[in-house]
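Work through the exercises below with the sequence and the model at hand. Each task is followed by a solution in steps.

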Amino acid sequence: MYAQEPSAPEAPRPLVLTEAIPMPGIQGRFDHFGFDGKNQLIVAALGNNSLEIIDISARVRSHSIAGIPNPQGVVYAPESKKFFAASSHGKLYIYDGATFGLIKTIDFHGDVDNLRYDQANQRVYVGYGEDETGAIGAVDAATNERLPKEYILGAHPESFQLESSGPNIYVNLPDLKQIAVINRKTHAIIRWPMTLEHNFPMALDEADHRLFVATHEPARLAVFDTDSGKTIAILPCVQDADDAYYDAGRKRIYVPGGEGFISVFEQTDAQHYRLLAKVSSTLGARTAGYFGKGRKGFDRFFLAVPARADHGAEIWIYTVQD
């Protein structure tokens, strides 16, 4: 009788698909996610010209807001209980978070895309414009007024990230092959040149002074030192990525891509990174939401899955595992 050879260790499963929320009638691709900090996801259904509100506890779509042309970024301001939606047709829409009624529309006159919320100052930062009009502006979330100060960037801003304990805003400018670094105190703008192209999604590890940028040409995850702008690492990544999230508790980076999987990277320390897993998803699913632990202590990773020929649109829910 022969001794049995030991089986190969099971590959790590940092994300496990556990549920799916049907989104009947939703056509076209999705864009970015917002979260109210308690129980609701707000999903930009770009191809459907609508915002979709998801009740996380009930696992259902609880409300739909139609008539927003090509919605893109979404953020929620908990102090004023409002959410803000960006339209590629150049407008920012402000809604009451309880009734979903429209409060105000602000015209930025050019492709309003990613949004970020500065909770300490109750400001919504807005990426908008094309070419020479590309800029980062801001709106006072309490008064709904557009603030006069804006940062002209000379190209359309894609994903950008705010420091919470520092003054910087990091902005992807793929048309210029640059990352712009805006100092909100001095108003100075410096620029880091990119050797990789089509730098779209971005995530920030502020504590370790690291910036994560996913590119399309080629498909890579690039890690930058935010103190110097120097490249720390470049790793192969999923193709057609449009979101990136940093999991500070587990020291991971999640990058969903339209290629049909989610790249999960592990930060062994601030200087070293590795691909931990390629988690299966489906073609075209390139936008997601990750917001850390929920009220019951569980982590969920939400993936937007567009309608396919044989299946309607869905929001897939992955359980995040240690």
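**Exercise 1.** What is the strand order in the open sheet of four strands, and is the pairing parallel or antiparallel?

Solution. Before starting, note that this is a predicted model, in which local features need pLDDT of at least 70 and side-chain atom pairs count only at pLDDT 80 or more, while totals for chains, interfaces and linings use all residues. Residues are numbered from 1 along each chain as its sequence is written, and side-chain values use heavy atoms, with hydrogens and water left out.

Step 1: strands (E) are DSSP runs of at least two residues, and helices (H or I) of at least four, numbered from the N terminus. Two strands pair if DSSP finds at least two bridges between them.
Step 2: the order reads E15-E16-E17-E18, and the pairing is antiparallel.
Step 3: strand E15 (160-162) and strand E18 (189-193) each have a single partner strand, so one side of each lacks a neighbour in the sheet.
Step 4: on average, neighbouring strands of this sheet are turned by 15 degrees against each other, direction ignored. For such angles, axes are lines fitted to C-alpha atoms, for helices over the stretch in contact, and angles run from 0 to 180 degrees between N-to-C directions.

**Exercise 2.** How many bridges join strand E16 to strand E17?

Solution. Step 1: E16 covers residues 168-173 and E17 covers residues 178-183.
Step 1: six bridges join the two antiparallel strands.

**Exercise 3.** Which residues lie nearest the centre of the largest pocket?

Solution. Step 1: on a 1 Å grid over the protein atoms alone, a pocket is an open set of points with protein on both sides within 12 Å along at least five of seven lines, and lining residues have an atom within 4 Å of a point.
Step 1: Arg116, Tyr117, Gln161, Leu162 and Phe291 lie nearest the centre, out of 44 lining residues.
Step 2: the strands that each supply at least two lining residues include E6, E15 and strand E27 (287-293).
Step 3: the pocket holds about 1300 Å³ of space, where grid points are joined across faces, edges and corners and a volume is the space filled by probe spheres set on the points.

**Exercise 4.** Where is arginine 29 placed?

Solution. Step 1: arginine 29 is in the loop between strand E1 (15-23) and E2.
Step 1: its relative accessible area is 34%, so arginine 29 is partly exposed.
Step 2: arginine 29 and aspartate 242 are 213 residues apart in sequence, and 12 Å apart in space, C-alpha to C-alpha.

**Exercise 5.** How many helices and strands does the protein chain have?

Solution. Step 1: the protein chain has zero helices and 29 strands.
Step 1: of its 322 residues, 55% are buried.

Note on methods. 1 Å grid on protein atoms, 1.4 Å probe; cavity = no way out; pocket = protein on both sides within 12 Å on 5 of 7 lines; lining within 4 Å. Buried < 20%, exposed > 50% of the residue type's maximum accessible area, 1.4 Å probe, protein only.
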